[in-house]
Amino acid sequence: MEEARAYEELRVGFTAAVSHELRTPLARLLVLLESASLPDVDSEAMLAKARDQVEEMRELVDDVLFLSELESGREVVALGSTRALPVLEEVRDRLADSAERADLAIRVEADESVELPVRRRMLQIVAENLAENSIRYAGAGSTLTLSARPGVLEASDDGRGVDDVDLARLFERFYRSDRARASRGTGLGLAIVKHVVTAAGGEVEATGGAGQGLTIRCSFFTSAPS
Ligand SMILES: Nc1ncnc2c1ncn2[C@@H]1O[C@H](COP(=O)(O)OP(=O)(O)OP(=O)(O)O)[C@@H](O)[C@H]1O
Ligand SMILES: [Mg+2]
């Protein structure tokens with residue numbers, strides 16, 4: 001009973017949060033479309049902005065769907081085991097352009113032989129979310145180190161970090177620090193990371209502090225199925 005009620009609260013809260021997150025881009029979209037037909041406006045520019053809003057909503061919907069697939073167990077996380085180094089290098093290379101624009105250096109550290117007990121796609125999703133966060137929030141001149149050792153994946157940057165109060169809440173859905181609110185993002189990335197890692201029998205931990213960078217450590221306790 002107790003559990004059912006708690007689950008129901010969670011579900012209702014989630015629906016409310018998704019709706020809330022969709023409202024802002026929807027409202028912006030409406031204004032943009034209405035103004036696009038006014039005389040003397042750059043309607044091309046308006047439409048480009050409208051497209052950005054649609055893109056933002058699509059990203060949100062994709063994240064929500066992915067999270068619900070994870071939760072329902074339809075999306076398999078833990079089957080198999082993946083060599084970490086090539087995945088981390090791929091993520092670094094794929095994000096090289098946006099990292100350069102943000103003036104963030106990405107280093108990869110892992111022995112050739114290190115494997116982690118998750119499917120390749122899942123490892124990619126985790127590493128990509130963590131790297132995208134450093135690109136977005138660490139600040140110019142920072143360095144991100146993506147590293148893997150047996151049973152552990154870590155993303156550690158020396159950037160702006162977050163306050164202690166935020167540290168405890170980063171993995172909650174839709175949670176964003178006040179500083180991040182001005183930027184694009186929905187606060188689902190780290191919730192997805194946590195879900196993937198716990199589904200694989202591991203746990204996540206955030207350490208750091210304001211001005212001291214942020215480290216996200218994913219520890220896997222299960223041995224990789226052979
Ligand atoms: N490397 C980092 N440095 C500083 N703050 C960070 C870092 N990574 C995450 N954060 C903070 O944690 C919050 C939650 O991150 P999360 O990835 O869950 O959501 P998001 O990046 O805001 O949106 P999304 O990932 O869904 O696009 C961010 O909004 C930001 O405030
Ligand atoms: Mg993110």
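**Figure 1. Contribution of α5 to the lining of the largest pocket.** In this predicted model, α5 gives the most to the lining of the largest pocket, with 11 residues. Each of α2 (43-72), α5, β5 (152-157), α7 and β7 (214-220) supplies at least two lining residues. Helices (H or I, at least four residues) and strands (E, at least two) are DSSP runs, numbered from the N terminus. A pocket is defined on a 1 Å grid over the protein atoms alone as an open set of points with protein on both sides within 12 Å along at least five of seven lines, and lining residues have an atom within 4 Å of a point.

**Figure 2. Volume and centre of the largest pocket.** The largest pocket holds about 1200 Å³ of space. It is lined by 43 residues, of which Asn129, Glu132, Asn133, Arg136 and Gly189 are the closest to its centre. By class, the lining comprises 17 nonpolar, 11 polar and 15 charged residues. Ala, Val, Leu, Ile, Met, Phe, Trp, Tyr, Cys and Pro count as nonpolar, Asp, Glu, Lys and Arg as charged, and the others, Gly among them, as polar. A volume is the space filled by probe spheres set on the grid points, which are joined across faces, edges and corners.

**Figure 3. Ligand 1 and its shell.** Ligand 1 sits in the largest pocket, a placement that requires more than half of its atoms to lie within 2 Å of the grid points. Ligand 1 is surrounded by 20 residues, each with a heavy atom within 4 Å of the ligand. Tyr137, Asp157, Arg176, Ser177 and Gly187 are the closest. The shell divides into eight nonpolar, eight polar and four charged residues, and its largest share, four residues, comes from α5.

**Figure 4. Polar contacts of ligand 1.** Polar contacts are pairs of N or O atoms within 3.5 Å. A side-chain N or O atom of Arg176 is 2.6 Å from an oxygen atom of ligand 1, and a polar side-chain atom of Tyr137 lies 2.7 Å from a ligand oxygen. Gly189 places a backbone N or O atom 3.1 Å from an oxygen atom of the ligand. Of the 600 Å² of accessible area that ligand 1 has on its own, the protein covers 95% (Shrake-Rupley method, 1.4 Å probe).

**Figure 5. The largest cavity.** The whole structure contains one cavity of 30 Å³ or more, a cavity being a set of grid points where a 1.4 Å probe fits but cannot get out. Its lining consists of Val118, Leu123, Val126, Leu153, Val196, Val197 and Phe220. α5 and α7 are the elements that give two or more residues to this lining, which has seven nonpolar, no polar and no charged residues.

**Conventions.** Residues are numbered from 1 along each chain as its sequence is written, while chains are lettered from A and ligands numbered from 1 in the order in which they are written. In this predicted model, local features need pLDDT of at least 70 and side-chain atom pairs count only at pLDDT 80 or more, whereas totals for chains, interfaces and linings use all residues; side-chain values use heavy atoms, with hydrogens and water left out.

Key. Polar contact = N/O pair within 3.5 Å; in protein donor to acceptor, adjacent residues only side chain to side chain.
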